[in-house]
Each structure stands twice: as structure tokens, then as C-alpha cells.
Amino acid sequence: MDLSAWLKDTRLVVCVGSGGVGKTTTAAAIGLWGALQGRRAMVLTIDPAKRLANSLGLEQMGGEPTQIDLAGLPEATGELWAMMLDSRGTFDALIAQVAPSPEARDRILANHVYRAMADAFAGSQDYMATEKLYDLASDGRWDLLVLDTPPVQNALDFLESPGRVVKFLDERVLSWFTAPYEKERVWGGAFLAGTSAFLFRLLGYVFGKEFLDDFAEFLQVFSGLYDGFRQRHQAVMELLDARSTSFVTVCAPTVSSVEVARFFQEELARRGHPRGGLVVNQIHRVEAADDDADGVLGEAARTLGADLQPATAARLVARLGRAHARLRAQSEADHALAARARAAAHGSGGFYQEVPRIEGEVHDLASLEVVGQHLFGDAEEA
Amino acid sequence: MDLTPLLDDRLVLVTGKGGTGKTTFAAALAALQAARGRRTLLCEVDSQRPALDPLVGREVTFAPVRVADRLEAANLVWPETLVAWLKRMVGMERIVRAILGNDMVQRFLDFVPGSQELVTLSAIAEHVERYDCVVVDLPASGHAFSLLDITRSALGLFRAGPVRERVLQLRTVLEDPRTRMFLVALPEEMVVNETLETLARLREHALLGGSPVVVLNRAIPPSLTDDERTLLERLSAAGLVGDAEEFLEAGRWERASEEAVAEAAFRLGQVLGVPPVLVPPAPAAGRERDVMRHVAVQLGRHMGVPRQELAWI
């Protein structure tokens, strides 16, 4: 099955894979394909190369949804939007959304432990990506969302990140850590008897009592936010598990990225995510029958190079022969690795697509469209 | 850029944008250190997909395994790293077991900001005490930086107690002039951008004592003459098709690679004050160990370690 058929009923595409494999370009090309299909597509990306922003007609990609000008592509009947993940702002915005009151919001934003935690989570863009995703999915302005995930080594990090806050902050934890501070509570002493009291004191000793105080305050304030977090987490997980969500694993013909891709495929299968597929990017293609550069190019080179240094034509032709031989060796290695990646492709109905390396950088919508043609399997064979 | 000071380092932290080959460089660097008679540990950080195994040819565990003469490898996996840390913090095995048996405390440790980073750094620092040199294959540069930066932010959070003491010790290890970051970059715009960003942050926060080293991996040194370039352009514009065009494409490919290398080396050189070390691509995409051998030989040239000393690889 090709990608086009595969994505027909998809509303969310999650692109996963290691860094440097063309994941952002793949995400952008899928978004553009959506616009060409008449859909309203949004590409959520992380730290794209400036040239990719430029290729979408943007000076710089910001943290707000920006519509891409598709005037150069009259056949595009839909819309293409893009935005970049601003992980710093997202967490504070999230707190503001789930806080029951402005006072609770301000108290939490000022807390020591919250600030450190927000920094820690902001560092993990995967968490922010899933949060932002939820916002965009609920927005309703788009019918195709494409998420370019951060290059994580570990699929689990990405899929489990929304659960990290929720996992920790259930009521039992809240009461365990805040009980010692509720002096008026008669049962507090009994609750913290034995092992619990001992462990609590131990944590105070190891981490410092000041930290535990900050931490308890953080939890007390945060307890009001717990329901909001849990609901959000459930909604994000439902979104990721939905039939209308597809995971596209992207890799390049390198040993390490293929290994990461295989790992992702296995994880997705293990988690029972029903829809997934594999794209192998940047495959060198060689079609020339032999490495006889002189027979193919010698005459043209001698004619066009007649006015240059005497040996230039011969040297260049020899060089092209060697370059071509390297390209052939590379191409063979690429195909071997692609086959290895394919062997692990997810499930029986998953799609598989190879995309050749494209000369030059993807620097405008036209070259993005070329990537798309290869990706969706309707590129004309050269 | 002179790489010989690496042979005096106690701790080399290898990182780079994902896909640059940093694991291969970490392994090659460790091999070079061992070849020079230094007791060396090659270390990876809680990787769920162990990257060192295929390079060293055996399973790498939390407890260091022997790879070759003077060379061992370890994987700082969870929860073993945590257990070691707890033993250090609270001393008694029984108490550690009580902590690990308690769900609340487990979750607390999972959640405390930066606790995983602290525990990992602490384990690295312990190894530094035991070996002449520790080479760490860190996570990709963004995560690597937050791992090191925890020694700064944690001081505001933990204002007393053994954790704070340990953080202060870790800072001493990082600030030692023989602790250095080794950045692996590729001649690609995005990768160079991220490398420059990491260099700027390292400088701003002055976390490490030694000055950073940058290598440009898969970098073909420029060799086309001006006349050859001219002729390549003329041929490309001549409207040739089929096999001829494919040969020309191969040529343009290498020309573009050369230009990207020159540009990347220039941008990095401006910030570093000296050009980065260029490591040419391995001859055809080979097996991981072949690539590692190639990288070790290339780095060895800059470190005065001849090929024949690299027996084990």
C-alpha cells in the first residue's frame, strides 16, 4: 500500500526517527501533500533548518500557527500551516490552562520546585510536543496534523512522556508527601508511622529539608491541578491510539538510524499502535551500466574543455569515474540497509517507501513537492 | 586543532547532534587512550538500545566488562546506577532496599527535577576515580548539556544535605582542566548550527575545565581545481542525459560535499580560533567496527598514535 492511500483517513501523522534522517523534510512534504489533496494541514516542527522555514516561504518560523503562501502552487486547493515548538512557553501556558484560579496559577509559577521541573520538562521537547499536539487537535482549524517529533533515541520517552506528571501526581503521592505538614491533622502522625516516617526523614536528610519543604508546597498547590493534568493525559493518549493516527518511522540508510527505526517499529507493535509505516530516505540511486566515464563523457569533456589547462578534461573524467564508483558502492550499501529496515516494518499492512537522495538542499516549495512525489510514490521514473 | 591534549584528559565527554557518529568516535577515542597505556573506561549512558555492543563485540553491562588490554566498557543503565547512588548517599544496603521497595519514594526519585542527571553524573565521576581516563558517549548535544548543567541548577534546589555535597564534588570533577567536551559535527548546516549553539552555552556557563574539541566527521578535504570546476559546470549545462548525467551528478555530489566542508570548517573555525579536525568518510559504508577502525586511525594521526598501536580494533 502506498503512503497516499494509507493517509487517506488519517488525521494525525506522527513522524518518528533519529536525528539527521530528513524527518522534518518528510513531515513538511506530508503537510504539503495534504494541502495538494485539498486538506487543511498543519506541520508542527522542532528547530527546523532555516532553509526549510524559507522553503515554506517563512523568514523565520515562530511559535504561532502561520499559514504558508501556496500561490505558486495553484493545484493546491487546501491550506498549509506550520508552527515551531516553543517548549519554554508551553509549560507555563499549560499551567495557566489547568489552574483552577489565577491565585493557584501564580503560586505555582513562583514555586522553586515548579521552576526547576518546568525547566527539566521544557528540556524534554517530547513532552511539550504532545501537549501542543493536544491543543492543535482540539482547535478544529486543521484536518491533518503532522507532528515532527524531536530526535529521541527512545520511543518510550516520546510515547510515555505525557504520563510522567500524571504518574507521579496521584492522590496517594500528594497525601504521602504533604501529610507531615498538616499539623492540625490528627491522623497525620498515625499515617506516617513506621517505614513511611523513616523514609520521609531519610529523604529530608539526603535532599535537604529545605528542598522537601519546597516540594511539599509545590504538591499542595499542584493538587488542585491534578484533575486537569489527568484529563489532558487521557485525551493525548486517546489521540495517539486513535485509528485516525498514523506513525511514520523515518530513517536513512545508516546502520544507527536503521537500528533506531527497527526499535521504533518493535515498540509500536508491542504497544499495539495499529497504524504505522516506514520511510527510508536519502538512498543513493545508480543506474548507469558501467564505470566507463571516458566512453560516456570523454569526448564532450575534451570539446568543452579545449581552452582549459591541457590535462583538465582527462583529470575530471577520471575523477567522475571514481566519484561514480563511490556512488555505486554507496548505493549498494544503501539498498542493503534499506532491506534490513524493511524486514522490520511494522505489521503486515504497514506501508514502506524508499526516497532517493535529492541533489541540493530542499530550499523551496518546488523541491519540497519533488520530495513529496518520491514519498507518495508518483515520481516519474527517470 | 591539536588533539594531543586529549591523551592527558581524565574525562572526555563525547556528544554531537544525533546521527553524527558520536558513539563511533567515543569508542575510537577510548581505543586510542588504551593504546597509549592508559587504563580506560568507555561508558554509555542508559541507552535502551545499546550502541556500544556492536562496536566492542560483546554485551556491555553496568559492571565494566573487559574489551581489550587496559580497555573496559560500561553502560550506566537504570536502575543499577540509581542503586549505586543510593548506596553512596545512605550507606546501608538494607536502607537502600527499603527505599527501592517503596513506591512513593520511587516515584519521588523519578520526579525530582534533575535527579536522573545527578545520579548519572555521579556514576561517571565515580569511574573517573578508578581509571586513568573515562570516555563517555553522552546523549545528543541538547540532552548532554542539561546533564552537565544540572550541577548548576541543583545548587539552588538542594540547599543542604548529602545531595548538595555531592553536587559540589561533581562540579569539581567537571571543572578540572582535564575534563573536556568532544563534539562531533557533520558538514551540514543544521549540525553546524547545533554545534555552535553547544559551544556558546559551554562558554557562557563555564561548566568544563578543558577547552572543547570539535571534529568534522565525513568531511572530504577539497581537491577539485578551478579548471575542473569550470569544466564540470560546462558539462552540466550541456544538456547531457542518461549515463553521462549520472556521472556528472556523482561529480556535482562530491563538489557540493567539498563546498559544505569548507563552509562548515570556516564557521566552526571562527568560533574555535582554529579549524576543526577533518575526518574523511570511511571508504564505502562498512560495518560499524570498520568505521570505528577508520575513525581511530584518523584521530590517531592527530594524536601521534600510529595505526600499528591500535591492535584490538
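A residue is counted as buried when its relative accessible area is under 20%. By this criterion, in the predicted model considered here, buried residues account for 55% of the 313 residues in chain B. The chain as a whole exposes about 12,300 Å², of which carbon and sulfur atoms supply 51%. Along the principal axes, the C-alpha atoms of chain B fill a box of roughly 80 × 40 × 35 Å. Among the contacts in chain B that link residues at least 6 apart in sequence, 75% join residues at least 24 apart. With regard to charge, chain B carries 36 positive and 42 negative side chains, and the centres of these two sets lie 7 Å apart.

The secondary structure of chain B consists of 12 helices and 8 strands. In general, the strands of a sheet pair through backbone hydrogen bonds, and the pairing may be either parallel or antiparallel. In chain B, 8 strands form an open sheet with mixed pairing, in which the order is β3-β4-β2-β5-β1-β6-β7-β8. The edges of this sheet in chain B are taken by β3 (65-68) and β8 (277-279), and because each has a single partner strand, one side of each is left without a neighbour in the sheet. From one strand to the next, the twist averages 25 degrees.

Strand β3(B) is joined by 3 bridges to strand β4 of chain B, which comprises residues 71-76, and the two strands run antiparallel. Within this pairing, V65(B) has A73(B) in β4(B) as its bridge partner.

Key
Residues numbered from 1 in each chain as written. Chains lettered and ligands numbered in written order. Predicted model: local features only at pLDDT ≥ 70, side-chain atom pairs only at ≥ 80, totals over all residues. Heavy atoms only, no water. Helix = DSSP H or I, 4+ residues; strand = E, 2+ residues; numbered from the N terminus. Buried < 20%, exposed > 50% of the residue type's maximum accessible area, 1.4 Å probe, protein only. Contact = heavy atoms within 4.5 Å. Areas by Shrake-Rupley, 256 points an atom, 1.4 Å probe, with all protein chains shown as cover. Lys, Arg positive; Asp, Glu negative; His and termini not counted. Charge placed at Lys NZ, Arg CZ, Asp CG, Glu CD. Pairing = 2+ DSSP bridges. Axes fitted to C-alpha atoms, helices over the stretch in contact; angles between N-to-C directions.
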